[in-house]
Amino acid sequence: MKQHGGQSIVDVLQKEGVKKIFGVPGESYLNVLDAIYEQEQIEFISTRQEGGASFMAEGYAKATGDVGVCMATRGPGATNLSIGIHTAQQDSTPLVALIGQVERPFKYREAFQEVNYLSFFDDLCKWVVEIDDVKRIPELLHRAFHIARSGRPGPVVVSLPEDMQDDFIEEVLYEPIKLGAVLPDENLVKDISQQLSEAKKPVIIAGGGVILSNGTDNLVELSEKLDIPVVTAFRRFHAFPNDHPNYIGTLGIGARESLLEYIYNSDLVLALGTKFSQMTTADYTLLNKESKLIHVDISPDVIGRVYNSSTPVVADANAFLESLLSVVNAEEQADRAELVKSVNKDYVEFSTINESEQAEFAEMKSILNYIQKELPTDTIITSDAGNFFSWISRYYRFIEEGMYLGPTSGAMGYGMPSAIGAKLAHPDRHVFSFSGDGGYMMTLQEFETAVRYNVPIIAVVVNNNLYGTIHAHQERKFPNRSIAIDLTNPDFTELAKNFGGHGEKVTNNDDIAGAIQRAIEAKGPALIEVITNPEILSASHEASLEK
Ligand SMILES: Cc1ncc(C[n+]2csc(CCOP(=O)(O)OP(=O)(O)O)c2C)c(N)n1
């Protein structure tokens, strides 16, 4: 049977199991849209800006563990889309971005909206491919999915010249490429088991690779068998249950000094599926050159990039854990029980919320406390970058099926669109996004997308009328010389209502429970504006004032 290019593209997407595409429609890919019209498996979620679309696809991918798909038209659409592509790259999230391109005979003339994607996206993703022959759609598009999800996952950009989509091909038999797990060398695993059993002060750093490979249960078992404490990498909280007695906290912004000291002085570090980002490593100061480092990652490119590991292992994190569990002997371990207890105690003290009597403002910790205590443990939290995040990082405990989706890229504007992606993936779970007033205003138009598709997210906007993080940086570096940080805002409550959603304002702690319950009962998109004390810059600042 003959298909035009658009039909062939949609055929591949169906075979890859795609259910949602997030994008802004454009005239450069009408054939693809028309082919989507013809079928039922894939829903096109039409967003208000391509940045929102790429964040939704990225959040959807993180929430499902499979490839997210977004779409944009030529130049202006493509450049708008790029923020989510950068985030997927830094976060190792599998994403395929399909982008329309100018007609093949018009290329290289700076034709209408022309951008050379090969150079533009070169540093932003794993692979950029332009399909200029309709016959190669099945081969190249399946390969795009394969590259996005294999090895260290990441984004792939697929450029689709408009006229190529008009060409016809015979339907081609070509199937998705599915790989088995990358297994570790057995002898190496035995050696590692020996090293771990002898270590006096070891630590396990759990990164995104543990989440992507579904390795959390095996990591819990290993940590219990060997009595080794576990720390999570920046914004990878749910790689390990935060209420486990072997959990000792998270790395990144606001990591406690005693935790950094503990890791620096460890004699053996087992790093699982982490790239040792600048944030995770506190500007590359995390590890001591004397410590042994067993670095397990699915990608050889990651190994040795930041730290020279004494035992490098190329393997899928979960496959490695399974292999290690089959050889470790729980009886033959150095005695570490007291050590684990004391570092965990330190974490629990640091992260326990003292209930507050504060009546003048609402407090982030009281909101988090409510969600944590009153809502199911599988609640999903997403966030932007911003100072308000320091409370999530310090106080919220991700346990059982609980999930955090946040940009390790530090992209503002991520929280609410990614929550939409997550809620579409898990309609029966509560999904809260947290943003500052600065970040929320970067993608607020996507609240309308949530209303149009009736996606009942709860968007929490922490309003201090300030680019607070930058204010805090300025106070540290150039005290009393604030510039460019003051904001005025619309009435967020009215804004949400104008969009057709539910909105309310929380000005003190007593309002929190009612506001969250009403937001849930609204059964549609809801916004809760939270008025916090603008004098308090972060969770650590607040904690220092309480002392
Ligand atoms: C897209 C983007 N632009 C700029 C920045 C730099 N930046 C980091 S935090 C921040 C201010 C955040 O303000 P807000 O969202 O109101 O949160 P707050 O820090 O006040 O809690 C800025 C401008 C960024 N991280 N991302």
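Which element gives the most residues to the shell around the ligand? It is α16, with four residues. This report describes a predicted model, in which local features need pLDDT of at least 70 and side-chain atom pairs count only at pLDDT 80 or more, while totals for chains, interfaces and linings use all residues. Residues are numbered from 1 along each chain as its sequence is written, and side-chain values use heavy atoms, with hydrogens and water left out.

**The ligand and its surroundings**

Around the ligand there are 16 residues, of which G410, G438, G439, G468 and T469 come nearest; a residue counts as near if one of its heavy atoms lies within 4 Å. The table gives polar contacts, which are pairs of N or O atoms within 3.5 Å.

| Residue | Atom of the residue | Distance to a ligand oxygen |
|---|---|---|
| F388 | polar backbone atom | 3.2 Å |
| D437 | polar side-chain atom | 3.1 Å |
| T469 | side-chain N or O atom | 2.6 Å |

On its own the ligand has 580 Å² of accessible area (Shrake-Rupley method, 1.4 Å probe), and the protein covers 77% of that 580 Å². Two or more residues of the shell come from each of α16 (437–443) and α18 (468–477); helices are DSSP runs (H or I) of at least four residues.

**The nonpolar cores**

A nonpolar core is a set of buried Ala, Val, Leu, Ile, Met, Phe, Trp, Tyr and Cys residues joined through side-chain atoms within 4.5 Å, where buried means under 20% relative accessible area (1.4 Å probe, protein chains only). The largest has 47 residues, and I85, F121 and Y440 have the most contacts inside it. A second, separate core of 35 residues includes L368, I371, L375 and F389.

Note on methods: Buried means under 20% relative accessible area, exposed over 50%, partly exposed in between (1.4 Å probe, protein chains only). A polar contact is a pair of N or O atoms within 3.5 Å; within protein, one must be able to donate a hydrogen and the other to accept it, and residues adjacent in sequence count only if both atoms are side-chain atoms.
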